[in-house]
Each structure stands twice: as C-alpha cells, then as structure tokens.
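Hi,

Here is the structure I promised to send over.

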Amino acid sequence: MNQIRKSIFIALLSVGIFSFPNSNIAVDEVRDSYGSLFKTLYKDGYVYIGSEEEYRRVKPLMSENDYFVLDERNYYDANMKVIDSYKIHDEVDQEALLEILLYYEQLYPSSWNRSLESMKLEWRVHNVLYQLHYEEHRTRDVDFNNADETKYSKTVLKRMLQ
C-alpha cells in the first residue's frame, strides 16, 4: 500500500498537482536485488541518498561527479550526512544539493528538521576547517543532524562574534 501511495504522489507531482519550490528535481529510484535507492541528477552526475549498506554497494560504481548522502534520519538525533562534502566549494552548488535533501524530506517525511540557512552555514564552516586541515576525518563530510540546527543559527553566530 505504501508503494502505491508513493507512486501516486510522484505521478501527481510530475503533472503539477503539487508544487514545491524545487519541483524541477528529477527523481529516479535505482532498483536492484537489494531494494531501492534514491537517485537524482546533480550537475554532471548524481546524488544518491540511502543507508550505509547502500553506500558500500554503490560506491564502486559512482563517478567523480556523483555524491552520496547517508540517510540517518531514523537515528535518535536524525541526520543527513553528505559524504566528501569538502569537494563542493561553490555555494550555489551546495544550495542545490541542500534543496535535494529538503525535497527528499518532503517525499519521505521523518523527524529530521533542518533549515536551509543553518545547513548552508554549517557546510561553510566544515569546508573552512577542512581547508585548514583541522580534524580532516571529521570535517571531510558534513552531517546535518537536528541537534546542530540551533548551533548554526545566525543569532548564535552573531553572539559568538561580538
């Protein structure tokens, strides 16, 4: 039944019944003997969203223009983790990928709740720290867990800079 509802939703979305700000995102689900994996176009490659197991399975097949996001939204502190986020420097490109994450959340709702602005800011901080070779094993990927929403708000940062 859930698959039927999801198919109807995607069909209605494609004919314009529902309107999302990022409705130009082309959704494709890669199906194989293990199940399905979310996949969408991103620049000259794809963004995949799935579990760690799916990442291990897809990683050898990915091109240098592809990105993988670990869907850890079922954890206690719901999270979406962009693997190798340090490779994306352009803020427009970062925002495009973040729009994909927000769209994915609209398609498959969960307890994950992050704002675009806080994620953009967190990504910038991660990239700067990575470029400074600060804890590269931690700053190579950016994780957008719920607990960090307030940490990367503009209000908190303004207080820190005063």
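Predicted model: local features only at pLDDT ≥ 70, side-chain atom pairs only at ≥ 80, totals over all residues.

After helix 4 comes histidine 133, with a positive phi near 60°.

Next, the neighbour. Helix 3 (residues 91-107) packs against helix 4 (residues 116-131) at about 130°, and the two axes are 10 Å apart. That angle makes helix 3 oblique to helix 4, and the crossing is right-handed. From helix 3, the residues in the contact are Glu91, Gln94, Glu95, Leu97, Leu98, Glu99 and Leu102; helix 4 brings Leu116, Met119, Lys120, Trp123, Arg124 and Asn127. By type, the residues of this contact split into six nonpolar, two polar and five charged.

Asparagine 127 sits in helix 4 and is buried, because its relative accessible area is 6% and the cut-off for buried is under 20%. Leaving out neighbours within four places in sequence, asparagine 127 is in contact with Ser85, Tyr86, Ile88, His89 and Gln94.

The other is phenylalanine 144, in the loop between strand 6 (142-143) and helix 6 (154-161). Phenylalanine 144 is buried too, with a relative accessible area of 0%. Not counting residues up to four places away in sequence, phenylalanine 144 touches Ala78, Asn79, Met80, Val82, Leu98, Leu101, Trp112, Arg114, Met119, Glu122 and Trp123. Among these, Leu98, Met119 and Trp123 also belong to the contact of helix 3 with helix 4. Between phenylalanine 144 and glutamate 72 there are 9.7 Å in space, C-alpha to C-alpha, although they are 72 residues apart in sequence.

Last, some backbone angles. Lysine 43 is not a glycine, yet its phi is positive, near 50°. It lies in the loop between strand 2 (35-42) and strand 3 (45-50) and is exposed, at 57% relative accessible area. Glutamate 135 is not a glycine either and has a positive phi of about 40°. You will find glutamate 135 in the loop between helix 4 and helix 5 (136-139), where it counts as partly exposed at 28% relative accessibility.

Cheers

Terms used. Residues numbered from 1 in each chain as written. Heavy atoms only, no water. Axes fitted to C-alpha atoms, helices over the stretch in contact; angles between N-to-C directions. Helix = DSSP H or I, 4+ residues; strand = E, 2+ residues; numbered from the N terminus. Parallel < 35°, antiparallel > 145°, perpendicular 65-115°, else oblique. Left-handed = near helix turned anticlockwise from the far one by under 90°. Contact = heavy atoms within 4.5 Å. Nonpolar A, V, L, I, M, F, W, Y, C, P; charged D, E, K, R; others polar. Buried < 20%, exposed > 50% of the residue type's maximum accessible area, 1.4 Å probe, protein only.
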